[in-house]
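Welcome, and thanks for taking a look at this one. Please open the model and keep it beside you while you read.

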Amino acid sequence: MDLYRAAEKLVDWLEGKLLVAGRGDELTELDVEPAGKFWLGRLASEEAVIALRWGERGERIDPCAVGIRLTPTGAGPWSFQVRASARAWVQAKGGSWTKTPAMTETIAIDVDPAIGTTSFGTETLERKLAVVVGTTGLSAEIRVEVSRTANRKPELTILLVNRSPRTHAVLKDTNLYECSLAVSGLAVEPYQLEALPDSFRYDRRVLAYGINCGVDAREDATLVTVDTVTADRERPLYWSLDDPAPDLRFVSLAADPIPAARGLLAVLAEWGAQHWSEASLDRRTRSEDWSLEMREGAARAAADFAEEQRRIALGVEQLQRDSTLNRAFRAMNRAMLFSANGKYDGWRPFQFGFLLANLASVVDPDSESGIADIVWFATGGGKTETYLGLIVTAALYDRMTGKSGGITAWSRFPLRMLSLQQTQRFANAMAGAEFVRREEKIPGDPFSVGFLVGQAATPNRIDEDPEHGKPDPDDDEMPKAFQVLLRCPFCHGETIEMAFDRRFWRLAHRCTNDACSWPEENLPFYIVDEEIYRFLPTVVVGTLDKAASIAMQAAMRGLVGAPWGKCSVPGHGYIYAPRGKRPNGCLVPGCRGSAAPLDMDPVRFGPSFRLQDELHLLKDSLGAVDAHYEALYDALQLELCGRRPKILASSATLTGYEKQVDVLYRRTARVFPVQGPTAARGFWSTDSDQLMRRFVAIAPRGVTIEYTVDRILTELQTCIRRLVEAPEEVCRSAVIDRRFAADLVSLYGTNVVYGNTIRDIDAVMRSLETQVRVGTAVNTTTLTGRDPFEHVRSALERLERPEQAFDERLHVVAASSMMSHGVDIDRLNLMVMWGIPLTTAEFIQTTARVGRRWPGLVLVMHKIGRERDASIYRSFGKYIEHGDRFVEPIPVTRRSRRVLERTIAGLALARIQAIHEPAHGAPLTTVARLRTFVEASGLDPATEAEAIAEALHLAGPMDEPLRRDLDEWYERFFRNLRDPGGTYRFPSDLSPTGSPMLSLRDVEEQAPVYGDRLR
Ligand SMILES: [Zn+2]
Ligand SMILES: [Zn+2]
């Protein structure tokens, strides 16, 4: 047995423990009321439920019935058997409670096809209950309802109902416990899951639905109720063919990538001919009874596959033909070898395939800039490295072809989330590239990384005499607060030290390791906005909201084109528009240098790539606003450099991606990789037999969700403490080899509780203090958007590298959506989800935080009173299996007049700063200066409005209203400019719609509410 198998066993064991704790299977005596203790398996008295008058919702929160809904074959009548089982708890005089033996009875059922409700077995069940309880009064029945489905098929709902009275003279508790029902001897016709459209890839059949429970089918076709619904996802296998996989180790590819590239292409072609051929699809059409639509869908997918194969073939050819590309590609593999530092040693086939398919965007960017490529690995694993491989190749190719400095890629996250782990990976990759660049003596600036994020996390600038609360260059404690990297990207040591370097005016990461290969004092990693403008790092990583700065910050021009020049003082970097405090345009305070010319062709400054992480989050207002800013960036870069950048994006979903890409980027969308011919099997990945994530749906009965979460955390923490204290005993019980105990404690010792609202997270934290008692202290922390930067950093660090002693580690993390992106920690494998998140995309993203490398267990606590949670509970297995298909379409438009009203000022002012001011060669910072410029240059409102309209692609009749707004805005802007009596000081004052947006986040707060497809 290996550790992975042992971990699977532990997951089984923990799941079993929770089930048993929820129902009370192992208890026979109690000092407390059972009604307040158990959350599974119980049934309330029907009379009590009716008396509550909560309707259907109450029936879900504290159900009086459990059962199965199905469509029988044939027209009826139907005869079958129902086996019902239940227990009761009886209070003795002394106050303690005793559980009765199980009452189990099989009842023969004969149902007539006429619509209606019939009871069965009441007398028998009452009598049997009286025997086990020792007194009469408890009652139950099998209730069968006959109805018709929407397409007129007969449908049976078979229930075990607790018919006991609300109160009883002797029995203090008239609930039934450990209830279950089994139906046998009845042939069933599966439902088709109506919530989803047909697809040749997916199976929509549902055998039966549970009522207040799940349903399992036994081998003998018996259907049984189960108290939790379990759905497993298997870990993907990245190579499942009989042929040996090509040698994709970095070390081999660094020597010669051609054999592996050819090898992969050959197998891909052969596989495609087998699985995507007309003959194969025709065969499936017959055997799987496809509709015409499904067959057409399959034909389109086959064409996509052929196109993907063509692109890979082109990549192979380019590698063979273009010796510079070949050299850059080999150097990239060396760089990845360096940056992986022994953690992994090569590419997975899909990663290598992606790289080959996208080499065209490195060597022929013009033909590729009209396409946005979406990286979509539903199965996860190595997405960041995949596009890092492409960016490193592009950066090296840039250096080899005369782009000696400037930005190659700007990568943006949509949220206020600061993905420190992602940033570290970017830094590691670029350090690898830099290491290789030096060794191979490739000319140009060192490769570098910039961290460009909004608000508070890192400074916009360091002033000589800062205002109170701003970073103070004279404060020795200041630099520490802004540490971003945890490890030196060059020597991989935890040897980072922060310092403020007055000479170069840099807030620097430094490495204290004398043996480090980086020769300079300050690492090539920039975290202050102004330093990023000064040095234009090879890769800029940050949050999307920074895009808005281009309207206020002349130096943002460096993200779309060339700076104004360089400062003559070494180490000061690029210069931009002169301003009062910086007359030569150098951003270093008090600089006395002068402007020196650029040493590179200005058109090569524009970034080759803009990356967007978590594309699906760019929706609603944020998406609409971003669409305008993307258009602005494209237009500026096109004007300054003659080319738009390539867009690369990652998304959690493919629902509606074509339209979204069109709205956001005005580009054609393309996805890599094309999904396989079935959900479980494709060329690039196939389900393995290893458990990746087990999802367990829990609908607490009769008690609150708060209480249930407390109990589950208590149980999980108790179990893991048993494993620490008595490993022999636990390993024996879970059938695990004892030698894995310590590793399992590390992998399963920390629970994540995921809350959708701050209120839920606060509730978790409160109960962790008071309700979760397991003998020793439970160490807790939060990971939410309101936690300070330093807190997040140190919490992630503790999670990634836990303390030696179990008692000192973090045991429970209460997290919000802040952690649902970019947190990648192998030790997080147990998650309790407090209610279903607002969107399916978030559900997928969040649960992907656990089970990244080891089997994960996700306990999905349904707020079962809610309609949405209840509907997901009903189809939980399919919800997990189809995953992405349940994602709500992404609402986004660029045709909103309200949005244009918010963005127009920013678009207009950005044009002034990025285009007109440099053309003018002198500041346009005041209305007077702008007026002089406009008069001299003949700039007019119509031309400016036309430029923006073109950027936004406002053309058709649908765009007329926006076009009119735009013209009118410029008319008023120019009228204000020319107004001799105007009191306007700055160009932004001239805007008829107020100042430009400070951050794209300004609109982000409005949380969207969706309808969902399950209902
Ligand atoms: Zn170092
Ligand atoms: Zn200077």
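This is a predicted model: local features need pLDDT of at least 70, side-chain atom pairs count only at pLDDT 80 or more; totals for chains, interfaces and linings use all residues.

What follows is a short tour by topic.

- Arg 701 counts as buried because its relative accessibility is 2%, under the 20% cut-off.
- The side chain of Arg 701 reaches the backbone oxygen of Arg 42, at a distance of 2.9 Å.
- Beyond its neighbours within four places in sequence, Arg 701 is in contact with residues including Phe 38, Trp 39, Gly 41, Arg 42 and Leu 43. Val 66, Asn 212, Cys 213 and Asp 227 are also among them.
- Val 66 belongs to strand E2 (residues 65-72) and, at 1% relative accessibility, is buried.
- The contacts of Val 66, again leaving aside neighbours within four places, include Leu 43, Ile 158, Leu 181, Asn 212, Thr 225 and Arg 701.
- Val 66 and Asn 212 are 146 residues apart in sequence, yet their C-alpha atoms are 5.6 Å apart in space.

**Backbone features to check**

- Asn 212 has a positive phi of about 60° although it is not a glycine. You will find Asn 212 in the loop between strand E14 (209-211) and strand E15 (214-217), where its relative accessibility of 19% counts as buried.
- Trp 505 also has a positive phi without being a glycine, here about 50°. Trp 505 is in the loop between strand E21 (496-501) and strand E22 (506-511), and is buried at 8% relative accessibility.
- Gly 76 and Pro 77 are joined by a cis peptide bond, with omega about 0°; Pro 77 lies in the loop between E2 and strand E3 (78-87).
- A cis peptide bond also joins Phe 672 and Pro 673, with omega about -10°. Pro 673 is in the loop between strand E30 (668-672) and E31.

**Aromatic rings and charges**

- The model has 31 aromatic pairs. One of them, Phe 38 with Tyr 177, is edge-to-face because the planes are at 75°, with ring centres 6.1 Å apart.
- This pair links distant parts of the chain, 139 residues apart: Phe 38 in the loop between strand E1 (29-30) and helix H2 (46-52), and Tyr 177 in strand E10 (residues 177-184).
- Phe 38 is buried, with a relative accessible area of 0%, and Tyr 177 is buried with a value of 0%.
- Ring pairs also build a cluster whose members include Phe 200, Trp 239, Trp 271, Phe 354, Phe 672 and Trp 684.
- The charged end of Arg 57 sits over the ring of Trp 54, 6.0 Å from its centre, and that of Arg 412 sits over the ring of Trp 410 at 5.1 Å.

**Helix H22**

- Among the buried residues of H22 are Phe 789, Val 792, Arg 793, Leu 796 and Glu 797.
- The buried residues of H22 pack against helix H14 (420-439) and against strands E20 (449-452), E33 (780-783) and E34 (812-815).

**Cysteines**

- How many disulfides does the model have? The count is 0.
- Cys 731 is in no disulfide, and the nearest cysteine sulfur, that of Cys 719, is 13 Å away.
- Cys 731 is buried at 2% relative accessibility, and Cys 516 is buried at 12%.

Definitions and conventions: Residues are numbered from 1 along each chain as its sequence is written. Chains are lettered from A and ligands numbered from 1 in the order in which they are written. Side-chain values use heavy atoms; hydrogens and water are left out. Buried means under 20% relative accessible area, exposed over 50%, partly exposed in between (1.4 Å probe, protein chains only). A polar contact is a pair of N or O atoms within 3.5 Å; within protein, one must be able to donate a hydrogen and the other to accept it, and residues adjacent in sequence count only if both atoms are side-chain atoms. Contact means heavy atoms within 4.5 Å. Rings of Phe, Tyr and Trp (its six-membered ring) pair if their centres lie within 6.5 Å; planes under 30 degrees apart count as stacked, over 60 as edge-to-face and the rest as tilted. Helices (H or I, at least four residues) and strands (E, at least two) are DSSP runs, numbered from the N terminus. A charge sits over a ring if NZ of Lys or CZ of Arg is within 6 Å of the ring centre and within 35 degrees of the ring normal. A disulfide is a pair of cysteine sulfur atoms within 2.5 Å.
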